[in-house]
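I opened my notebook to go through this structure piece by piece. My entries follow.

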Amino acid sequence: MATAPDTTLPDVRSEFPVLTREWNGKRVTYVDSAATSQKPEQVLAAMDRFLREANASVHRGLYDLGREATDLFEGARERIARFVGADAETTVFTHNATEAINLVAYAWARDNLGPGDEVLITRMEHHSNIVPWQLVCQDTGAKLRYVDISDDGLLLLDDLDAALGSGRVKLVGVVHVSNVLGTLNPVAEVVSRAHAAGALAVVDGTQAVPQMPVDVSEIDADFYAWTGHKALGPTGVGVLHGRRELLLEMRPFISGGHMINRVDDEASTWSELPHKFEAGTSAIAEAIGLGAAIDYLTTLGMENVRAHEEGLTAYALERLPEVPGLTVYGPPDVSQRGGVVSFSMEGIHPHDIAEVCDRHAVCIRAGHHCTQPLMRRLGVGSTGRASFHVYNHPDDVDRLVEALQDARRVFEL
Amino acid sequence: MDDLYRENILDHYKNPRNFGELDSHDLQFHDHNPLCGDELGVHIKVEDGKIADLRFHGHGCAISQAAASISSEELIGMPVEEVGDLSAEWVIEQLGIDISATRRKCALLSLKVMRGATTGDASWPKD
(Lines give C-alpha, C1' and ligand atoms only; values in the text may rest on other atoms or scores of the structure.)
Protein backbone atom coordinates (compact mmCIF):
# COMPACT_ATOMS: atom_id res chain seq x y z
CA MET A 1 0.00 0.00 0.00
CA ALA A 2 1.36 3.38 -0.99
CA THR A 3 1.87 5.90 1.76
CA ALA A 4 0.59 9.43 1.34
CA PRO A 5 3.34 12.02 0.88
CA ASP A 6 3.98 14.83 3.35
CA THR A 7 3.33 18.29 2.03
CA THR A 8 5.04 21.58 2.71
CA LEU A 9 1.82 23.48 2.01
CA PRO A 10 -0.88 24.33 4.53
CA ASP A 11 -4.39 22.95 3.90
CA VAL A 12 -5.86 25.77 1.81
CA ARG A 13 -9.03 24.04 0.65
CA SER A 14 -11.31 26.25 2.75
CA GLU A 15 -9.99 29.30 0.87
CA PHE A 16 -11.43 27.99 -2.42
CA PRO A 17 -15.24 28.40 -2.31
CA VAL A 18 -16.00 25.89 -5.09
CA LEU A 19 -14.21 23.16 -3.15
CA THR A 20 -16.65 23.48 -0.27
CA ARG A 21 -19.53 22.34 -2.50
CA GLU A 22 -21.03 18.88 -2.30
CA TRP A 23 -22.72 16.65 -4.87
CA ASN A 24 -24.90 13.77 -3.72
CA GLY A 25 -23.65 14.41 -0.21
CA LYS A 26 -20.04 14.07 -1.28
CA ARG A 27 -17.42 16.80 -1.06
CA VAL A 28 -16.08 17.58 -4.52
CA THR A 29 -12.67 16.21 -5.50
CA TYR A 30 -11.51 18.58 -8.19
CA VAL A 31 -8.64 17.08 -10.19
CA ASP A 32 -9.04 19.01 -13.45
CA SER A 33 -6.80 22.00 -12.78
CA ALA A 34 -4.95 21.53 -16.06
CA ALA A 35 -8.24 22.57 -17.70
CA THR A 36 -8.85 25.45 -15.30
CA SER A 37 -7.89 26.02 -11.69
CA GLN A 38 -10.20 27.05 -8.89
CA LYS A 39 -9.88 30.60 -7.50
CA PRO A 40 -9.10 31.53 -3.91
CA GLU A 41 -11.07 34.12 -1.92
CA GLN A 42 -8.14 36.54 -2.27
CA VAL A 43 -8.55 36.65 -6.07
CA LEU A 44 -12.32 37.04 -5.87
CA ALA A 45 -11.92 39.79 -3.28
CA ALA A 46 -9.37 41.72 -5.34
CA MET A 47 -11.64 41.69 -8.40
CA ASP A 48 -14.71 42.47 -6.35
CA ARG A 49 -12.97 45.37 -4.60
CA PHE A 50 -11.76 46.81 -7.92
CA LEU A 51 -15.19 46.60 -9.56
CA ARG A 52 -17.01 48.01 -6.52
CA GLU A 53 -14.59 50.69 -5.42
CA ALA A 54 -12.00 51.56 -8.04
CA ASN A 55 -13.52 50.81 -11.45
CA ALA A 56 -12.42 53.22 -14.16
CA SER A 57 -10.76 52.99 -17.53
CA VAL A 58 -6.98 52.82 -17.30
CA HIS A 59 -4.40 55.17 -18.87
CA ARG A 60 -7.08 57.77 -19.58
CA GLY A 61 -8.68 59.21 -16.49
CA LEU A 62 -7.52 62.65 -15.47
CA TYR A 63 -9.11 62.01 -12.11
CA ASP A 64 -8.08 60.14 -8.96
CA LEU A 65 -10.29 57.14 -9.61
CA GLY A 66 -8.71 56.60 -13.03
CA ARG A 67 -5.23 56.94 -11.54
CA GLU A 68 -6.04 54.36 -8.89
CA ALA A 69 -7.37 51.93 -11.54
CA THR A 70 -4.24 52.48 -13.62
CA ASP A 71 -1.99 51.91 -10.61
CA LEU A 72 -3.79 48.67 -9.75
CA PHE A 73 -3.62 47.43 -13.34
CA GLU A 74 0.02 48.37 -13.97
CA GLY A 75 0.97 47.23 -10.47
CA ALA A 76 -0.48 43.81 -11.31
CA ARG A 77 1.56 43.76 -14.53
CA GLU A 78 4.77 44.57 -12.64
CA ARG A 79 4.23 41.84 -10.04
CA ILE A 80 3.20 39.31 -12.70
CA ALA A 81 6.35 40.12 -14.71
CA ARG A 82 8.57 39.86 -11.61
CA PHE A 83 6.90 36.54 -10.68
CA VAL A 84 8.47 34.92 -13.76
CA GLY A 85 11.67 37.00 -14.01
CA ALA A 86 10.43 39.26 -16.82
CA ASP A 87 10.22 43.03 -17.34
CA ALA A 88 6.85 44.81 -17.23
CA GLU A 89 7.71 46.59 -20.50
CA THR A 90 7.88 43.31 -22.40
CA THR A 91 4.94 41.66 -20.59
CA VAL A 92 1.86 41.92 -22.81
CA PHE A 93 -1.63 41.15 -21.53
CA THR A 94 -3.64 39.05 -23.97
CA HIS A 95 -6.93 37.26 -23.35
CA ASN A 96 -5.42 33.79 -23.02
CA ALA A 97 -2.37 31.77 -24.04
CA THR A 98 -3.92 30.93 -27.41
CA GLU A 99 -4.17 34.62 -28.24
CA ALA A 100 -0.59 35.16 -27.02
CA ILE A 101 0.69 32.53 -29.47
CA ASN A 102 -1.50 33.94 -32.23
CA LEU A 103 0.07 37.34 -31.59
CA VAL A 104 3.45 35.82 -32.47
CA ALA A 105 1.95 34.00 -35.45
CA TYR A 106 0.32 37.11 -36.89
CA ALA A 107 2.67 39.90 -35.85
CA TRP A 108 6.02 38.11 -36.25
CA ALA A 109 5.75 34.90 -38.30
CA ARG A 110 3.70 36.18 -41.22
CA ASP A 111 6.19 38.98 -41.84
CA ASN A 112 9.28 36.83 -41.42
CA LEU A 113 8.57 33.42 -42.96
CA GLY A 114 8.38 32.36 -46.58
CA PRO A 115 8.73 29.39 -48.92
CA GLY A 116 11.70 27.21 -47.95
CA ASP A 117 11.46 28.15 -44.27
CA GLU A 118 10.39 25.66 -41.62
CA VAL A 119 8.45 25.88 -38.35
CA LEU A 120 9.40 23.11 -35.95
CA ILE A 121 7.06 22.05 -33.13
CA THR A 122 6.87 18.98 -30.93
CA ARG A 123 4.52 16.01 -31.06
CA MET A 124 3.20 16.89 -27.57
CA GLU A 125 1.92 20.42 -28.33
CA HIS A 126 -1.57 21.61 -27.44
CA HIS A 127 -3.65 22.61 -30.49
CA SER A 128 -2.97 26.24 -29.47
CA ASN A 129 0.69 25.76 -30.43
CA ILE A 130 -0.11 23.73 -33.58
CA VAL A 131 -3.03 25.28 -35.45
CA PRO A 132 -1.63 28.86 -35.55
CA TRP A 133 1.52 27.47 -37.23
CA GLN A 134 -0.52 25.41 -39.71
CA LEU A 135 -2.23 28.63 -40.80
CA VAL A 136 1.08 30.54 -40.88
CA CYS A 137 2.57 27.83 -43.11
CA GLN A 138 -0.48 27.86 -45.41
CA ASP A 139 -0.21 31.65 -45.72
CA THR A 140 3.57 31.93 -46.16
CA GLY A 141 4.55 28.71 -47.92
CA ALA A 142 6.73 27.64 -44.98
CA LYS A 143 6.70 23.99 -43.93
CA LEU A 144 5.51 22.63 -40.55
CA ARG A 145 7.59 19.82 -39.03
CA TYR A 146 7.35 17.85 -35.78
CA VAL A 147 9.95 16.65 -33.27
CA ASP A 148 8.98 13.17 -32.08
CA ILE A 149 8.81 11.85 -28.51
CA SER A 150 9.93 8.60 -26.88
CA ASP A 151 7.37 5.96 -25.90
CA ASP A 152 7.47 7.20 -22.30
CA GLY A 153 6.77 10.74 -23.41
CA LEU A 154 10.15 12.47 -23.43
CA LEU A 155 11.16 14.89 -26.15
CA LEU A 156 13.76 13.33 -28.47
CA LEU A 157 16.57 15.90 -28.48
CA ASP A 158 18.43 13.96 -31.20
CA ASP A 159 15.34 14.33 -33.36
CA LEU A 160 15.34 18.07 -32.58
CA ASP A 161 19.00 18.37 -33.62
CA ALA A 162 18.38 16.41 -36.81
CA ALA A 163 15.48 18.69 -37.75
CA LEU A 164 17.45 21.85 -36.89
CA GLY A 165 20.25 20.49 -39.08
CA SER A 166 18.24 21.33 -42.19
CA GLY A 167 19.28 24.96 -41.62
CA ARG A 168 15.81 26.05 -42.73
CA VAL A 169 14.08 26.18 -39.33
CA LYS A 170 13.13 29.78 -38.49
CA LEU A 171 10.92 29.12 -35.47
CA VAL A 172 10.76 26.38 -32.81
CA GLY A 173 7.59 25.94 -30.74
CA VAL A 174 7.75 23.86 -27.57
CA VAL A 175 5.47 23.27 -24.61
CA HIS A 176 7.10 23.74 -21.18
CA VAL A 177 4.91 21.13 -19.43
CA SER A 178 2.69 18.81 -21.49
CA ASN A 179 -0.99 19.02 -20.55
CA VAL A 180 -1.35 15.28 -21.25
CA LEU A 181 1.93 13.53 -20.51
CA GLY A 182 2.97 15.92 -17.78
CA THR A 183 6.42 15.95 -19.38
CA LEU A 184 8.59 18.79 -18.10
CA ASN A 185 10.60 19.70 -21.18
CA PRO A 186 14.17 21.06 -20.96
CA VAL A 187 13.01 24.30 -22.55
CA ALA A 188 16.19 26.30 -21.86
CA GLU A 189 18.15 23.61 -23.71
CA VAL A 190 15.66 23.54 -26.60
CA VAL A 191 15.78 27.35 -26.86
CA SER A 192 19.58 27.35 -26.82
CA ARG A 193 19.72 24.74 -29.61
CA ALA A 194 17.13 26.69 -31.61
CA HIS A 195 19.19 29.87 -31.28
CA ALA A 196 22.39 28.05 -32.26
CA ALA A 197 20.59 26.98 -35.44
CA GLY A 198 19.49 30.55 -36.16
CA ALA A 199 15.85 30.02 -35.18
CA LEU A 200 13.61 31.88 -32.74
CA ALA A 201 11.80 29.96 -30.00
CA VAL A 202 8.28 30.29 -28.60
CA VAL A 203 7.49 28.43 -25.38
CA ASP A 204 3.95 27.55 -24.25
CA GLY A 205 4.22 27.88 -20.48
CA THR A 206 0.52 27.41 -19.74
CA GLN A 207 0.94 24.35 -17.51
CA ALA A 208 4.32 25.35 -16.05
CA VAL A 209 3.80 28.82 -14.55
CA PRO A 210 0.93 27.71 -12.24
CA GLN A 211 2.89 24.92 -10.59
CA MET A 212 6.65 25.53 -10.53
CA PRO A 213 9.19 28.34 -10.31
CA VAL A 214 9.67 29.75 -13.82
CA ASP A 215 12.33 32.27 -14.82
CA VAL A 216 11.75 33.39 -18.37
CA SER A 217 15.04 35.31 -18.51
CA GLU A 218 16.87 32.07 -17.74
CA ILE A 219 14.90 30.14 -20.38
CA ASP A 220 15.73 32.97 -22.81
CA ALA A 221 12.87 32.18 -25.20
CA ASP A 222 12.01 34.88 -27.72
CA PHE A 223 8.36 34.49 -26.71
CA TYR A 224 6.89 32.85 -23.62
CA ALA A 225 3.08 32.49 -23.38
CA TRP A 226 0.82 31.49 -20.49
CA THR A 227 -2.69 32.07 -19.17
CA GLY A 228 -4.18 33.34 -15.94
CA HIS A 229 -7.07 30.99 -15.32
CA LYS A 230 -4.90 27.91 -14.78
CA ALA A 231 -2.77 29.88 -12.29
CA LEU A 232 -5.60 30.50 -9.77
CA GLY A 233 -6.60 33.66 -11.65
CA PRO A 234 -9.74 34.43 -13.66
CA THR A 235 -10.45 33.60 -17.30
CA GLY A 236 -9.97 36.35 -19.88
CA VAL A 237 -6.38 37.31 -19.16
CA GLY A 238 -3.28 35.73 -20.68
CA VAL A 239 0.34 36.82 -20.83
CA LEU A 240 3.00 37.04 -23.51
CA HIS A 241 6.60 37.83 -22.57
CA GLY A 242 8.57 38.86 -25.64
CA ARG A 243 12.13 39.83 -26.51
CA ARG A 244 12.25 43.63 -26.50
CA GLU A 245 13.98 44.09 -29.88
CA LEU A 246 11.47 41.80 -31.57
CA LEU A 247 8.44 43.46 -30.00
CA LEU A 248 9.80 46.84 -31.10
CA GLU A 249 10.26 45.84 -34.74
CA MET A 250 7.05 43.79 -35.07
CA ARG A 251 3.88 45.20 -36.55
CA PRO A 252 0.88 45.35 -34.18
CA PHE A 253 -1.46 42.36 -33.96
CA ILE A 254 -4.94 43.70 -33.09
CA SER A 255 -5.25 47.41 -33.80
CA GLY A 256 -7.47 50.29 -32.74
CA GLY A 257 -7.76 52.24 -29.52
CA HIS A 258 -4.97 52.64 -26.96
CA MET A 259 -2.22 51.06 -29.10
CA ILE A 260 -1.45 54.22 -31.11
CA ASN A 261 0.87 57.14 -30.67
CA ARG A 262 -0.70 59.32 -33.37
CA VAL A 263 -3.42 58.58 -35.91
CA ASP A 264 -3.17 60.49 -39.19
CA ASP A 265 -5.72 60.14 -41.99
CA GLU A 266 -3.77 57.48 -43.87
CA ALA A 267 -1.47 55.90 -41.30
CA SER A 268 -0.57 55.77 -37.62
CA THR A 269 2.35 55.32 -35.28
CA TRP A 270 2.39 53.01 -32.34
CA SER A 271 2.34 53.28 -28.59
CA GLU A 272 5.27 52.31 -26.37
CA LEU A 273 5.69 48.69 -25.27
CA PRO A 274 3.72 46.83 -24.11
CA HIS A 275 0.72 48.99 -25.06
CA LYS A 276 1.44 48.64 -28.78
CA PHE A 277 0.04 45.08 -28.45
CA GLU A 278 -2.93 45.89 -26.20
CA ALA A 279 -5.55 47.41 -28.48
CA GLY A 280 -8.90 48.27 -26.97
CA THR A 281 -9.86 48.27 -23.32
CA SER A 282 -7.98 45.53 -21.48
CA ALA A 283 -9.45 42.94 -19.14
CA ILE A 284 -8.65 45.23 -16.22
CA ALA A 285 -10.43 43.43 -13.37
CA GLU A 286 -9.06 40.11 -14.65
CA ALA A 287 -5.46 41.40 -14.75
CA ILE A 288 -5.88 42.67 -11.19
CA GLY A 289 -7.32 39.26 -10.23
CA LEU A 290 -4.31 37.53 -11.78
CA GLY A 291 -2.06 39.88 -9.82
CA ALA A 292 -3.78 38.69 -6.62
CA ALA A 293 -3.39 35.06 -7.76
CA ILE A 294 0.36 35.36 -8.18
CA ASP A 295 0.59 37.15 -4.81
CA TYR A 296 -1.21 34.14 -3.33
CA LEU A 297 1.17 31.70 -5.06
CA THR A 298 4.17 33.81 -4.00
CA THR A 299 3.04 33.62 -0.37
CA LEU A 300 2.80 29.83 -0.62
CA GLY A 301 6.21 29.80 -2.32
CA MET A 302 6.62 28.29 -5.77
CA GLU A 303 9.31 25.88 -4.54
CA ASN A 304 6.75 24.55 -2.04
CA VAL A 305 4.05 24.39 -4.71
CA ARG A 306 6.39 22.37 -6.93
CA ALA A 307 7.28 20.00 -4.07
CA HIS A 308 3.56 19.56 -3.32
CA GLU A 309 2.80 18.76 -6.99
CA GLU A 310 5.69 16.29 -7.15
CA GLY A 311 4.52 14.53 -4.00
CA LEU A 312 0.94 14.21 -5.27
CA THR A 313 2.09 13.06 -8.71
CA ALA A 314 4.39 10.44 -7.21
CA TYR A 315 1.54 9.22 -5.02
CA ALA A 316 -0.83 9.05 -8.01
CA LEU A 317 1.78 7.17 -10.09
CA GLU A 318 2.09 4.69 -7.23
CA ARG A 319 -1.62 4.22 -6.53
CA LEU A 320 -3.19 4.29 -10.02
CA PRO A 321 -1.55 1.03 -11.17
CA GLU A 322 -3.40 -0.71 -8.30
CA VAL A 323 -6.42 -0.51 -10.62
CA PRO A 324 -6.28 -3.58 -12.90
CA GLY A 325 -5.99 -2.85 -16.62
CA LEU A 326 -4.90 0.76 -16.11
CA THR A 327 -2.17 2.31 -18.29
CA VAL A 328 -0.46 5.55 -17.26
CA TYR A 329 1.14 7.76 -19.95
CA GLY A 330 4.20 9.97 -19.63
CA PRO A 331 7.60 9.79 -17.93
CA PRO A 332 7.81 7.46 -14.90
CA ASP A 333 10.28 9.82 -13.14
CA VAL A 334 8.38 12.59 -11.29
CA SER A 335 11.34 14.94 -11.52
CA GLN A 336 10.66 14.98 -15.28
CA ARG A 337 6.97 15.76 -15.03
CA GLY A 338 4.39 18.19 -13.67
CA GLY A 339 1.18 17.47 -11.77
CA VAL A 340 -0.76 15.90 -14.65
CA VAL A 341 -1.47 12.17 -15.00
CA SER A 342 -3.22 10.75 -18.06
CA PHE A 343 -4.40 7.17 -18.16
CA SER A 344 -6.58 4.67 -19.95
CA MET A 345 -8.38 1.58 -18.69
CA GLU A 346 -8.80 -1.68 -20.55
CA GLY A 347 -12.47 -2.24 -21.39
CA ILE A 348 -13.76 1.21 -20.36
CA HIS A 349 -13.76 4.27 -22.59
CA PRO A 350 -12.44 7.50 -20.96
CA HIS A 351 -15.86 9.17 -21.21
CA ASP A 352 -17.43 6.36 -19.29
CA ILE A 353 -14.63 6.55 -16.69
CA ALA A 354 -15.36 10.26 -16.26
CA GLU A 355 -19.10 9.55 -16.01
CA VAL A 356 -18.57 7.07 -13.15
CA CYS A 357 -16.05 9.41 -11.45
CA ASP A 358 -18.68 12.16 -11.59
CA ARG A 359 -21.03 9.97 -9.53
CA HIS A 360 -18.32 10.06 -6.84
CA ALA A 361 -18.02 13.86 -7.19
CA VAL A 362 -14.54 13.30 -8.65
CA CYS A 363 -13.99 15.76 -11.51
CA ILE A 364 -11.58 14.40 -14.12
CA ARG A 365 -11.14 15.31 -17.76
CA ALA A 366 -11.71 12.79 -20.54
CA GLY A 367 -11.02 13.40 -24.20
CA HIS A 368 -8.20 14.31 -26.53
CA HIS A 369 -7.19 17.33 -24.41
CA CYS A 370 -6.70 19.44 -27.56
CA THR A 371 -3.74 17.25 -28.52
CA GLN A 372 -4.94 15.10 -31.42
CA PRO A 373 -1.47 14.64 -33.00
CA LEU A 374 -0.22 13.36 -29.61
CA MET A 375 -3.24 11.03 -29.24
CA ARG A 376 -2.33 9.49 -32.63
CA ARG A 377 1.28 9.06 -31.46
CA LEU A 378 0.04 7.30 -28.31
CA GLY A 379 -2.31 5.17 -30.43
CA VAL A 380 -5.46 6.21 -28.54
CA GLY A 381 -8.48 8.35 -29.35
CA SER A 382 -8.68 9.86 -25.90
CA THR A 383 -7.49 9.42 -22.32
CA GLY A 384 -8.68 10.15 -18.82
CA ARG A 385 -6.67 12.82 -17.00
CA ALA A 386 -6.25 13.90 -13.40
CA SER A 387 -4.35 17.11 -12.67
CA PHE A 388 -3.47 18.64 -9.33
CA HIS A 389 -3.05 22.03 -7.74
CA VAL A 390 -2.28 23.51 -4.35
CA TYR A 391 -5.70 22.55 -2.93
CA ASN A 392 -5.39 18.84 -3.73
CA HIS A 393 -4.34 16.32 -1.13
CA PRO A 394 -3.53 12.61 -1.11
CA ASP A 395 -7.14 11.84 -0.16
CA ASP A 396 -8.18 13.22 -3.56
CA VAL A 397 -5.96 10.58 -5.19
CA ASP A 398 -7.52 7.95 -2.90
CA ARG A 399 -11.01 9.00 -3.96
CA LEU A 400 -9.98 8.91 -7.63
CA VAL A 401 -8.66 5.36 -7.25
CA GLU A 402 -11.89 4.35 -5.46
CA ALA A 403 -13.96 5.80 -8.30
CA LEU A 404 -11.85 3.96 -10.90
CA GLN A 405 -12.36 0.70 -9.02
CA ASP A 406 -16.09 1.40 -9.04
CA ALA A 407 -15.97 1.98 -12.81
CA ARG A 408 -14.61 -1.56 -13.16
CA ARG A 409 -17.46 -2.87 -11.01
CA VAL A 410 -20.08 -0.97 -13.10
CA PHE A 411 -18.57 -2.41 -16.29
CA GLU A 412 -18.48 -5.89 -14.76
CA LEU A 413 -14.73 -6.26 -15.27
CA MET B 1 -28.84 -2.39 -11.67
CA ASP B 2 -27.04 0.65 -13.07
CA ASP B 3 -29.42 3.18 -14.66
CA LEU B 4 -27.09 4.10 -17.49
CA TYR B 5 -24.81 1.12 -17.96
CA ARG B 6 -27.58 -1.48 -18.10
CA GLU B 7 -26.90 -5.12 -18.91
CA ASN B 8 -28.12 -4.57 -22.46
CA ILE B 9 -25.87 -1.52 -23.02
CA LEU B 10 -22.79 -3.30 -21.62
CA ASP B 11 -23.55 -6.39 -23.69
CA HIS B 12 -23.67 -4.38 -26.94
CA TYR B 13 -20.58 -2.38 -25.90
CA LYS B 14 -18.53 -5.48 -25.16
CA ASN B 15 -19.89 -7.56 -28.05
CA PRO B 16 -20.94 -5.08 -30.70
CA ARG B 17 -23.14 -6.54 -33.48
CA ASN B 18 -22.35 -5.83 -37.11
CA PHE B 19 -18.95 -4.29 -36.38
CA GLY B 20 -16.05 -4.46 -38.85
CA GLU B 21 -15.82 -3.67 -42.55
CA LEU B 22 -17.49 -4.91 -45.74
CA ASP B 23 -15.06 -5.61 -48.56
CA SER B 24 -17.67 -4.68 -51.12
CA HIS B 25 -20.13 -1.99 -50.19
CA ASP B 26 -22.34 0.51 -52.02
CA LEU B 27 -22.40 3.33 -49.47
CA GLN B 28 -19.96 4.48 -46.85
CA PHE B 29 -19.40 7.37 -44.48
CA HIS B 30 -17.01 8.30 -41.71
CA ASP B 31 -17.36 10.96 -39.04
CA HIS B 32 -16.04 11.89 -35.64
CA ASN B 33 -17.05 13.81 -32.56
CA PRO B 34 -14.72 16.83 -32.37
CA LEU B 35 -15.30 17.19 -28.64
CA CYS B 36 -13.98 13.78 -27.68
CA GLY B 37 -12.18 12.50 -30.79
CA ASP B 38 -14.38 9.41 -31.09
CA GLU B 39 -14.65 8.07 -34.63
CA LEU B 40 -17.25 5.96 -36.36
CA GLY B 41 -17.50 4.75 -39.95
CA VAL B 42 -20.08 2.62 -41.75
CA HIS B 43 -20.11 0.38 -44.82
CA ILE B 44 -23.51 -0.41 -46.33
CA LYS B 45 -24.50 -2.98 -48.94
CA VAL B 46 -27.73 -2.14 -50.80
CA GLU B 47 -30.02 -4.61 -52.55
CA ASP B 48 -33.38 -3.65 -54.10
CA GLY B 49 -33.29 -0.27 -52.35
CA LYS B 50 -32.91 -1.87 -48.96
CA ILE B 51 -29.98 -2.17 -46.55
CA ALA B 52 -28.86 -5.74 -47.18
CA ASP B 53 -25.93 -5.59 -44.79
CA LEU B 54 -23.88 -3.05 -42.87
CA ARG B 55 -20.82 -2.80 -40.65
CA PHE B 56 -19.82 -0.04 -38.25
CA HIS B 57 -16.17 0.52 -37.35
CA GLY B 58 -14.24 2.96 -35.16
CA HIS B 59 -13.85 3.64 -31.48
CA GLY B 60 -16.03 5.30 -28.90
CA CYS B 61 -17.64 5.15 -25.49
CA ALA B 62 -20.18 2.60 -24.26
CA ILE B 63 -23.09 4.83 -25.27
CA SER B 64 -21.94 5.51 -28.85
CA GLN B 65 -20.89 1.92 -29.46
CA ALA B 66 -24.06 0.43 -27.97
CA ALA B 67 -26.21 2.86 -29.99
CA ALA B 68 -24.48 1.73 -33.20
CA SER B 69 -24.74 -1.95 -32.31
CA ILE B 70 -28.39 -1.91 -31.20
CA SER B 71 -29.60 0.20 -34.10
CA SER B 72 -27.64 -1.87 -36.65
CA GLU B 73 -30.04 -4.75 -36.01
CA GLU B 74 -33.01 -2.51 -36.83
CA LEU B 75 -31.33 -0.91 -39.83
CA ILE B 76 -30.61 -4.10 -41.74
CA GLY B 77 -33.59 -4.69 -44.02
CA MET B 78 -34.76 -1.06 -43.86
CA PRO B 79 -35.34 0.82 -47.15
CA VAL B 80 -32.36 3.15 -47.67
CA GLU B 81 -34.61 6.14 -48.25
CA GLU B 82 -36.18 5.78 -44.80
CA VAL B 83 -32.90 6.33 -42.94
CA GLY B 84 -33.07 10.08 -43.54
CA ASP B 85 -36.39 10.19 -41.66
CA LEU B 86 -35.04 8.55 -38.50
CA SER B 87 -34.88 10.95 -35.56
CA ALA B 88 -32.66 11.42 -32.54
CA GLU B 89 -35.52 10.10 -30.42
CA TRP B 90 -35.55 6.89 -32.49
CA VAL B 91 -31.95 6.14 -31.46
CA ILE B 92 -32.50 7.09 -27.83
CA GLU B 93 -35.59 4.85 -27.74
CA GLN B 94 -33.48 1.99 -29.11
CA LEU B 95 -30.99 2.52 -26.28
CA GLY B 96 -33.79 2.50 -23.72
CA ILE B 97 -31.96 4.73 -21.22
CA ASP B 98 -32.08 8.38 -20.20
CA ILE B 99 -29.43 10.34 -22.08
CA SER B 100 -28.06 13.53 -20.53
CA ALA B 101 -27.29 16.54 -22.69
CA THR B 102 -23.56 15.83 -22.40
CA ARG B 103 -23.96 12.28 -23.76
CA ARG B 104 -26.45 13.12 -26.52
CA LYS B 105 -23.74 13.49 -29.16
CA CYS B 106 -22.38 10.06 -28.19
CA ALA B 107 -25.80 8.48 -28.66
CA LEU B 108 -26.39 10.14 -32.03
CA LEU B 109 -23.03 9.49 -33.71
CA SER B 110 -24.13 6.23 -35.39
CA LEU B 111 -27.29 7.74 -36.88
CA LYS B 112 -25.20 10.71 -37.97
CA VAL B 113 -22.92 8.49 -40.08
CA MET B 114 -25.92 6.46 -41.34
CA ARG B 115 -27.59 9.64 -42.54
CA GLY B 116 -24.30 10.82 -44.02
CA ALA B 117 -23.98 7.56 -45.98
CA THR B 118 -27.57 7.47 -47.23
CA THR B 119 -28.45 11.14 -47.74
CA GLY B 120 -25.03 12.78 -48.11
CA ASP B 121 -26.04 15.28 -45.42
CA ALA B 122 -23.18 15.52 -42.91
CA SER B 123 -24.68 18.40 -40.95
CA TRP B 124 -27.25 16.45 -38.90
CA PRO B 125 -28.13 16.94 -36.09
CA LYS B 126 -28.54 20.70 -36.22
CA ASP B 127 -28.81 21.26 -32.45
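Into which domains is chain A divided? I found domain 1, covering 13-30 + 302-410, and domain 2, covering 45-298. I keep in mind that this is a predicted model.

**Entry: the two domains of chain A**

I looked up how far apart the domains sit. The C-alpha centres of domain 1 of chain A and domain 2 of chain A are 28 Å apart. Next I checked the contact between them. On the domain 1 side, 25 residues take part, and they touch 23 residues of domain 2 of chain A. I then asked which elements of domain 1 supply at least two residues each to that side. In chain A they are α10 (302-319), β14 (340-345), α12 and β17 (383-387). Helix α10(A) gives the largest share, six residues. I also sorted the domain 1 side by class: ten residues are nonpolar, nine are polar and six are charged.

**Entry: where chain A meets chain B**

How many residues of each chain are in contact? I noted twelve from chain A and 13 from chain B. On the chain A side, two elements give two or more residues: α11 (350-359) and α12 (372-378). By class, the chain A side that touches chain B has seven polar, three nonpolar and two charged residues.

**Entry: chain B as a whole**

I turned to chain B. I listed four helices and three strands. Along the sequence, their pattern reads α-β-β-β-α-α-α. The C-alpha atoms fill a box of roughly 40 × 30 × 25 Å along the principal axes. Does the radius of gyration fit a compact globule, or what else does it say? For 127 residues, a compact globule would be near 14 Å, and chain B has 13 Å, which agrees.

**Entry: a helix pair in chain B**

Last, I looked at α2 (residues 62-75) and α4 (residues 104-119) of chain B. They pack at an angle of about 45°, and their axes are 7 Å apart. Why do I call the pair oblique? Angles from 65 to 115 degrees count as roughly perpendicular and those under 35 as roughly parallel, so α2(B) and α4(B) are oblique to each other. The crossing of α2(B) past α4(B) is right-handed. From α2(B), the contact includes B:Ile63, B:Ala67 and B:Leu75. From α4(B), B:Cys106, B:Leu109 and B:Met114 are among the residues involved.

Notes: Residues numbered from 1 in each chain as written. Chains lettered and ligands numbered in written order. Predicted model: local features only at pLDDT ≥ 70, side-chain atom pairs only at ≥ 80, totals over all residues. Contact = placed C-beta atoms within 7 Å. Nonpolar A, V, L, I, M, F, W, Y, C, P; charged D, E, K, R; others polar. Domains from an automatic or database assignment. Axes fitted to C-alpha atoms, helices over the stretch in contact; angles between N-to-C directions. Parallel < 35°, antiparallel > 145°, perpendicular 65-115°, else oblique. Left-handed = near helix turned anticlockwise from the far one by under 90°. Rg over C-alpha atoms; globule rule 2.2 N^0.38 Å.
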